[in-house]
Structures are given as structure tokens and as C-alpha cells.
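Dear colleague,

Please find below the structure that I am handing over to you. My notes on what was found in it follow directly after it.

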Amino acid sequence: MSGFRSHMQAALAEARAAGERGEVPVGAVVVAPDGRILAAAGNRTRELADPTAHAEILALRAACAAIGSERLPGHALYVTLEPCAMCAAAIAAARIARLYYGAEDPKSGGVAHGARVFSHPQCHHVPEIYEGIGAAPAAALLRDFFAGRR
């Protein structure tokens, strides 16, 4: 990709902010085809008392609202942790073009682990997937967060 620029640092900033709020530190940003960040979010499941308030879902909702469409063709999603099955299904429904994620999630992941949503024939859209982008700092945020609660 010519002129590629990672936006994982912005997703990591959202993850850090989520952790400071007492949420599991996961952050996500949606990047428009022109390279600007269209939406950014961190987990807010506890704050909103909403099990669907994952960083990816919140960022997708904000991006869709910003452009006035339920689909985001040509857009990229950066997320610090491998999306769960719910988020992977939402990514497919939104028609995200490229998914970049940091740390893998062997326990609850839905892309390379677990449900492997994008590998099912029922999946209507499969984004390009790039894993391991910013994996070390993303994994460290999660490790430190959970170590502090044990």
C-alpha cells in the first residue's frame, strides 16, 4: 500500500482512556478512505450498562452516524484486540474494507480464534485482515489491567 499510515496509536490512546475509566482497555478507530479518523471509541460496557458497548461497536455507530449510512465501504477499522464474534459480525455488516487489530484473543476472539466469523459461508462480507499491529503494547495494557484486579 502506497502511503500507508497506521492509526493504531489512536486506538491505543482510546484503550488507555477506557482502562482509566475502569473499563477493559480496548480501543478502536474508524478511518475514512481519505485517511482521516472518522470515529474513535473505547469500551464503555460498564459505564453504559450495555454489553454491546464494545469499542468497535461504538466506533462503527459513530462513523455511520457521521456519514449518514449503515455501511462503511472503503473504510478501515483499527482495534487493539482481536474482535469478538459480535463485533466481527458488525464489521461484516458495516462492510469495513480493512481490519487491523493488535493483540490476539484466544479466549473470546471471533476472527482468528473461536467463532472465526469471517470464515463462515453465511458471512456476507469479509474485510482484508491485518493482525498483530501494535500487539505488544495492546497486550501489555490488557495484562496490566487484569493483573491489577487479581
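**Overall architecture**

The protein contains five helices and five strands. Please bear in mind that this is a predicted model. Read from the N terminus, the order of the elements is α-β-β-α-α-β-α-β-β-α.

The C-alpha trace spans about 40 × 35 × 30 Å along its principal axes. The radius of gyration is 14 Å, which agrees with the value near 15 Å that a compact globule of 150 residues would have. Buried residues account for 45% of the 150 residues.

**Helices H1 and H5**

In general, a pair of packed helices is described by the angle and the distance between the two axes. Here, helix H1 (residues 8-20) and helix H5 (residues 135-147) have axes that come within 10 Å and cross at roughly 5°. Because angles under 35 degrees count as roughly parallel, H1 is described as roughly parallel to H5. On the H1 side, the contact is made by Leu12, Ala15, Arg16 and Gly19, and on the H5 side by Pro137, Ala138, Leu141 and Phe145.

With a relative accessibility of 26%, Ala10 counts as partly exposed. Leaving aside residues up to four places away in sequence, Ala10 touches Val29 and Ile37. The C-alpha atoms of Ala10 and Ala41 are separated by 9.6 Å, although the two residues are 31 residues apart along the chain.

**Helix H3**

Helix H3 (residues 55-67) consists of 13 residues. From its first C-alpha to its last, H3 reaches 19 Å, close to the 18 Å expected at 1.5 Å a residue. Its buried residues are Ala55, Glu56, Ile57, Leu58, Ala59, Leu60, Ala63 and Cys64. What do the buried residues of H3 pack against? Their partners are strand S1 (27-31), strand S2 (37-42), strand S3 (76-81) and helix H4 (85-94). Just after H3, Gly68 adopts a positive phi of about 70°.

**Thr80 in strand S3**

Thr80 is located in strand S3. Its relative accessibility is 2%, so Thr80 counts as buried. With residues up to four places away in sequence not counted, Thr80 touches Met8, Ala11, Leu12, Ala15, Pro25, Val26, Gly27, Gly102, Ala103 and Ala138. Among these, Leu12, Ala15 and Ala138 also take part in the contact between H1 and H5.

**Two arginines with positive phi**

Two loop residues may be of interest when you inspect the backbone. Arg95 is found in the loop between H4 and strand S4 (98-103). The phi of Arg95 is near 65°, a positive value in a residue other than glycine. At 23% relative accessibility, Arg95 counts as partly exposed.

Arg116 is placed in the loop between S4 and strand S5 (128-131). For Arg116, phi is near 45°, again a positive value in a residue other than glycine. Arg116 has a relative accessibility of 41% and therefore counts as partly exposed.

With kind regards

Notes
Residues numbered from 1 in each chain as written. Predicted model: local features only at pLDDT ≥ 70, side-chain atom pairs only at ≥ 80, totals over all residues. Heavy atoms only, no water. Axes fitted to C-alpha atoms, helices over the stretch in contact; angles between N-to-C directions. Helix = DSSP H or I, 4+ residues; strand = E, 2+ residues; numbered from the N terminus. Parallel < 35°, antiparallel > 145°, perpendicular 65-115°, else oblique. Contact = heavy atoms within 4.5 Å. Expected span 1.5 Å × (residues − 1). Buried < 20%, exposed > 50% of the residue type's maximum accessible area, 1.4 Å probe, protein only. Rg over C-alpha atoms; globule rule 2.2 N^0.38 Å.
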